[in-house]
Amino acid sequence: MSIIAWILIGLFAGAIAKALTPGKDPGGCLITMVIGIVGGLLGGWLGKVIFGVDSIDGFFSLSTWIAAIVGSVIVLLIYRVVSGQRSR
């Protein structure tokens, strides 16, 4: 996939991750995109390591989106913990 596809998947996966996880999030659209891109990479890597599947099949593949969203939720929760500790 091209870098533009990763940015699009990251934007949508980060927004979906924010919608799925309750609570207030620090950061705006740029942070959401970065969380989504990092989460997509993390989700793809975890899918390959844990389940032995190639979860990055293509832009319209369901496994790509599931991996990106799950990875984004993980990264978002980590980001909340780190940013919550910094603000105290």
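## Surface and model basis

Accessible areas come from the Shrake-Rupley method with a 1.4 Å probe, and for residues only the protein chains shown count as cover. On that basis the protein chain has an accessible surface of about 5,500 Å². Carbon and sulfur atoms hold 75% of that surface.

This is a predicted model: local features need pLDDT of at least 70, side-chain atom pairs count only at pLDDT 80 or more, and totals for chains, interfaces and linings use all residues. Residues are numbered from 1 along each chain as its sequence is written, and side-chain values use heavy atoms, with hydrogens and water left out.

## Overall fold

The protein chain has 3 helices and 0 strands. Helices (H or I, at least four residues) and strands (E, at least two) are DSSP runs, numbered from the N terminus. The order from the N terminus is α-α-α. Helix α1 spans residues 3-20, helix α2 spans 29-51, and helix α3 spans 62-86.

The protein chain has 88 residues, and 36% of them count as buried. Buried means under 20% relative accessible area, exposed over 50%, and partly exposed in between (1.4 Å probe, protein chains only). Contact means heavy atoms within 4.5 Å. Among contacts with a separation of 6 or more, 67% join residues 24 or more positions apart.

Rings of Phe, Tyr and Trp (its six-membered ring) pair if their centres lie within 6.5 Å; planes under 30 degrees apart count as stacked, over 60 as edge-to-face and the rest as tilted. The count is 1 aromatic pair. Phe12 and Trp65 have ring centres 6.3 Å apart and planes at 45 degrees, so the pair is tilted. The pair links distant parts of the chain: Phe12 sits in helix α1, Trp65 in helix α3, 53 residues apart.

Phe12 is partly exposed, at 44% relative accessibility. Trp65 is buried, at 18%.

Thr21 lies in the loop between α1 and α2. Its relative accessibility is 8%, so Thr21 counts as buried. The side chain of Thr21 reaches the backbone oxygen of Ala17 at 2.9 Å. It also makes a polar contact with the side chain of Arg80, at 3.1 Å. A polar contact is a pair of N or O atoms within 3.5 Å; within protein, one must be able to donate a hydrogen and the other to accept it, and residues adjacent in sequence count only if both atoms are side-chain atoms. Beyond neighbours within four places in sequence, Thr21 is in contact with Val73, Leu76, Leu77 and Arg80.

Ser83 is in helix α3. Ser83 is buried, with a relative accessible area of 11%.

## Helix approaches

Leu11 is in helix α1 and is partly exposed at 27% relative accessibility. Its C-alpha atom is 6.5 Å from that of Thr32, 21 residues away along the chain. Leaving out residues up to four places away in sequence, Leu11 touches Cys29, Thr32 and Met33.

Gly47 belongs to helix α2 and is buried, at 8% relative accessible area. Gly47 and Ala67 are 20 residues apart in sequence and 6.9 Å apart in space, C-alpha to C-alpha.

## Nonpolar patch

Leu62, Ile66, Val70, Ile74, Ile78 and Val82 make a nonpolar surface patch of about 530 Å². Ile78 is in helix α3. Patches are made of residues with over 30% relative accessible area and no salt bridge; like charges are joined within 9 Å, nonpolar side chains (Val, Leu, Ile, Met, Phe, Trp, Tyr) within 5 Å. A salt bridge is a side-chain nitrogen of Lys or Arg within 4 Å of a carboxyl oxygen of Asp or Glu.
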